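These are my notebook entries on one protein chain. I set down each point in the order in which I looked it up.

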Amino acid sequence: MTTVHESAVSTTGDDLSVWPASATEARRGDLAVGGVPLAEIADRFGTPAYVLDESEVRERCRTYRHAFPDADVLYAAKAFLCRGMAHWVEEEGLGLDVCSAGELELAVTTGFPPERIVLHGNAKSPHDLESALRLGVGRIVIDSPSEIARLAAAVGPGGHQKVMVRVVPAISAGGHEKIRTGTDDQKFGLSMADGYAQHAIARILDQPQLELTGLHCHLGSQISSVKPYLVAVRRMVGLMARLREQHGLVLPELDLGGGHGIAYRPGEQALDLTALARRVRSELTEACAAAGLTVPRLMIEPGRAVVGPAGVALYHVLAVKRSGDHVFVAVDGGMSDNPRPALYGVRYGPRLIGRHSVAEPAAVTVVGRHCEAGDVLATDVELPADVRPGDLLAVPVAGAYHLSMASGYNMVGRPPVIAVRGGHARLLVRRESLDDIRSRDVGL
């Protein structure tokens, strides 16, 4: 996330830098993604709707594979997962990082190889662990001491499961305090500073059915600087060196998590992936040489950086009204399909599409339809002064943490996901209907 600026940010110009690479504007106001006009998608599928550029997702997967040719790249499913997404990621050669039995089973039943999946979670349920063992997940990341005995018992005396340990490296990084996970004052992982990580590792080594393959850390989300990752490499290698001294243990894997920052609006800083790959590789090699360690195989877990810029959210304007000095543009979605502005103060750049306006830009606040004062999608942005009910707005960088965090608030129903590629649009996830909502209610 970025610092909030006081001045309005224009979304009426020609800057398409944060849109999918396939975004084109054949005529003013007529924006297309993947060769499909967004207004046509809104007419066909209704709004709110999420549009996902398949080619953009695939190209971003390839970019990671090329930048980290000697590493295991695992897509973080929490950013967005459906059967189509799992299929694209698998075809492009990435592994998968999941956080629940639901994510795991959807991926495996789609055909994703379970041995290429890593299960995370600070509080894994018995169902999560049972599913992981039944389906043959590749790695389980231990996040708390209590998981060790539970997992060992579930595996059984004749079983075998590869595990990693999530370590807290005491590094503060990330775009907002609620998405910083590398410090000792949050719920994830085991601290190096107080010895909890080392104690947990010793306990794992006493369980013959658990094979400790490496260490894991995740610093946070929306990190735009390479430096925190380099500090993490040094601290993690330092711990690996101590484990060799104490236990004669040489760990073959090191997972640095994800959190790679992207730009949500033109001019914002994103993480330089090429620089990250080059400098992390160099830092890891040098640190291991200094410690006399064999360089472990690197693992990384990008999510937002793979799917975020590939997505666009579409809304119809329902109302426009002035209150004092403020102009509010209300749309047919809101915090139920994108809670991130309410949670983290994230700022988006919506754009009027479907018609060309010659009106001067005006500063407005785009709000949702929900019964919350905090249901705001974009504060202080510029849209044409003649924006009116029935207009269509498109919001770029909507591929990550929209549907995956969508709720049932006000029983509005979650939007569909439409994939576009080569001039064709197809439905990946259908809209949640009133029948879906009614069918879950078995009361009276």
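**Entry 1: a term, and a first residue.** Before reading any accessibility value, I noted that a residue is called buried when its relative accessible area is under 20%, exposed when over 50%, and partly exposed in between. I also noted that the model is a predicted one. I then looked up Tyr-348, whose relative accessible area is 1%. Because the limit for buried is under 20%, Tyr-348 counts as buried. Tyr-348 sits in the loop between helix 11 (340-344) and strand 17 (351-353).

**Entry 2: the surroundings of Tyr-348.** I asked which residues Tyr-348 is in contact with, leaving aside its neighbours within four places in sequence. I found Tyr-264, Arg-265, Asn-338, Arg-340, Pro-341, Leu-377, Ala-378, Val-381, Val-395, Pro-396, Val-397 and His-402. I also looked up a distance from Tyr-348 to Ala-263: the two are 85 residues apart in sequence, and their C-alpha atoms are 9.8 Å apart in space.

**Entry 3: Val-397, a contact of Tyr-348.** I followed the contact to Val-397, which lies in the loop between strand 20 and strand 21. Val-397 has 1% relative accessibility and counts as buried. Beyond its neighbours within four places in sequence, Val-397 is in contact with Val-18, Ile-262, Ala-263, Tyr-264, Gly-308, Pro-309, Gly-311, Tyr-348 and His-402.

**Entry 4: Pro-341, another contact of Tyr-348.** I placed Pro-341 in helix 11. At 11% relative accessibility, Pro-341 is buried. Not counting residues up to four places away in sequence, Pro-341 touches Val-346, Tyr-348, Val-376 and Leu-377. From Pro-341 to Ala-21 I read 320 residues in sequence and 25 Å in space, C-alpha to C-alpha.

**Entry 5: backbone angles.** I recalled that most residues other than glycine have a negative phi, and that most peptide bonds are trans. I then asked where a cis peptide bond is found. A cis bond joins Thr-47 and Pro-48, with omega about -5°. Pro-48 belongs to the loop between helix 1 (38-45) and strand 5 (49-53).

I next looked up two positive phi values. Gln-222 has a phi near 60° although it is not glycine, and its place is the loop between strand 12 (210-216) and helix 8 (227-247). Asn-410 also has a phi near 60°, and lies in the loop between strand 20 (392-396) and strand 21 (417-421). Are these residues buried or exposed, or in between? Gln-222 is buried at 7% relative accessibility, whereas Asn-410 is partly exposed at 36%.

**Entry 6: an exposed glycine.** I looked up Gly-292 in the loop between helix 9 (273-291) and strand 14 (297-300). Its relative accessibility is 54%, so Gly-292 counts as exposed. Gly-292 and Ala-241 are 51 residues apart in sequence, with their C-alpha atoms 8.0 Å apart.

**Entry 7: the second largest pocket.** I recalled that rolling a probe the size of a water molecule over the atoms shows where empty space is left. The second largest pocket holds about 500 Å³ of space. Its lining has 22 residues, and Leu-81, Cys-82, Leu-106, Leu-403 and Val-429 lie nearest the centre. I noted ten nonpolar, four polar and eight charged residues in this lining. Helix 3 (83-91), helix 4 (101-110) and strand 22 (424-429) each supply at least two lining residues. Helix 4 gives the largest share, three residues.

**Entry 8: the whole chain.** I recorded twelve helices and 22 strands. The radius of gyration is 23 Å, close to the 22 Å that the globule rule gives for 444 residues, so the chain is as compact as a globular protein of that length. The C-alpha trace spans about 70 × 55 × 40 Å along its principal axes. Buried residues make up 55% of the 444 residues. Of the contacts between residues at least 6 apart in sequence, 69% join residues at least 24 apart. The chain exposes about 18,500 Å², of which carbon and sulfur atoms supply 51%.

Conventions:
Residues are numbered from 1 along each chain as its sequence is written. This is a predicted model: local features need pLDDT of at least 70, side-chain atom pairs count only at pLDDT 80 or more; totals for chains, interfaces and linings use all residues. Side-chain values use heavy atoms; hydrogens and water are left out. On a 1 Å grid over the protein atoms alone, a cavity is a set of points where a 1.4 Å probe fits but cannot get out, and a pocket is an open set with protein on both sides within 12 Å along at least five of seven lines; lining residues have an atom within 4 Å of a point. Grid points are joined across faces, edges and corners, and a volume is the space filled by probe spheres set on the points. Helices (H or I, at least four residues) and strands (E, at least two) are DSSP runs, numbered from the N terminus. Ala, Val, Leu, Ile, Met, Phe, Trp, Tyr, Cys and Pro count as nonpolar, Asp, Glu, Lys and Arg as charged, and the others, Gly among them, as polar. The radius of gyration is taken over C-alpha atoms; the globule rule is 2.2 Å times the number of residues to the power 0.38. Buried means under 20% relative accessible area, exposed over 50%, partly exposed in between (1.4 Å probe, protein chains only). Contact means heavy atoms within 4.5 Å. Accessible areas come from the Shrake-Rupley method with a 1.4 Å probe; for residues, only the protein chains shown count as cover.
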